[in-house]
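The following questions and answers concern a predicted model. Please consult the sequence and coordinates shown here before reading on.

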Amino acid sequence: MRRLLVQAGKAAIEIVHNGNHRAALYAMRTAFELKQAERVVLGTDGPAGSGVQPLGIIRMIAMLSSVGDIPAETAFCFATGNTARMRKLDCGLIEKVRAAVREAIP
């Protein structure tokens with residue numbers, strides 16, 4: 001059933017800091033098996049019941065690159081380029097037409 005959710009969908013596969021890390025690793029590995037790693041994005045799910053997670057994205061990158069056995073640069077791509085593409089943001093990629101930083105949401 002879990003594999004079907006990744007396999008049948010077209011939306012982003014968001015892995016969040018306040019989520020289930022075992023399920024996150026399963027979803028990421030399934031995305032790689034299906035050759036759809038461009039769908040994997042990182043988030044913090046914050047603010048959540050445990051509050052805002054300082055360095056939540058960095059923690060996700062560390063978890064995926066250590067326990068998930070993927071290169072850190074790939075995990076950084078999940079947090080930046082993949083997220084920018086899936087969310088249609090003007091930042092997250094280094095290109096002439098893109099913003100250097102994203103303004104904080106009030």
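Q: In this predicted model, which residues is histidine 17 in contact with, leaving aside its neighbours within four places in sequence?
A: Histidine 17 sits in the loop between strand 1 (13–16) and helix 2 (21–33). With neighbours within four places in sequence left aside, the contacts of histidine 17 are Gly43, Thr44, Gln53, Gly56, Arg59 and Met60.

Q: Is histidine 17 buried or exposed?
A: The cut-off for a buried residue is a relative accessible area under 20%. Histidine 17 has a relative accessible area of 15%, and is therefore classed as buried.

Q: Which element supplies the largest share of the largest nonpolar core?
A: The largest nonpolar core has 19 residues, and Ile15, Met28, Leu42, Leu64, Ile70 and Phe78 have the most contacts inside it. At least two residues of this core come from each of strand 1, helix 2, strand 2 (40–43), helix 3 (56–66) and helix 4 (72–87). The largest share, five residues, is supplied by helix 2.

Q: How many residues apart in sequence are the parts that glutamate 14 and arginine 87 tie together?
A: The structure holds one salt bridge. Glutamate 14 forms a salt bridge with arginine 87, and their closest N and O atoms are 3.0 Å apart. Because glutamate 14 lies in strand 1 and arginine 87 in helix 4, the pair ties together parts whose separation in sequence is 73 residues.

Q: What is the relative accessible area of arginine 87?
A: Glutamate 14 is partly exposed, at 42% relative accessible area. Arginine 87 is also partly exposed, and its relative accessible area is 40%.

Definitions and conventions: Residues are numbered from 1 along each chain as its sequence is written. This is a predicted model: local features need pLDDT of at least 70, side-chain atom pairs count only at pLDDT 80 or more; totals for chains, interfaces and linings use all residues. Side-chain values use heavy atoms; hydrogens and water are left out. Helices (H or I, at least four residues) and strands (E, at least two) are DSSP runs, numbered from the N terminus. Buried means under 20% relative accessible area, exposed over 50%, partly exposed in between (1.4 Å probe, protein chains only). Contact means heavy atoms within 4.5 Å. A nonpolar core is a set of buried Ala, Val, Leu, Ile, Met, Phe, Trp, Tyr and Cys residues joined through side-chain atoms within 4.5 Å. A salt bridge is a side-chain nitrogen of Lys or Arg within 4 Å of a carboxyl oxygen of Asp or Glu.
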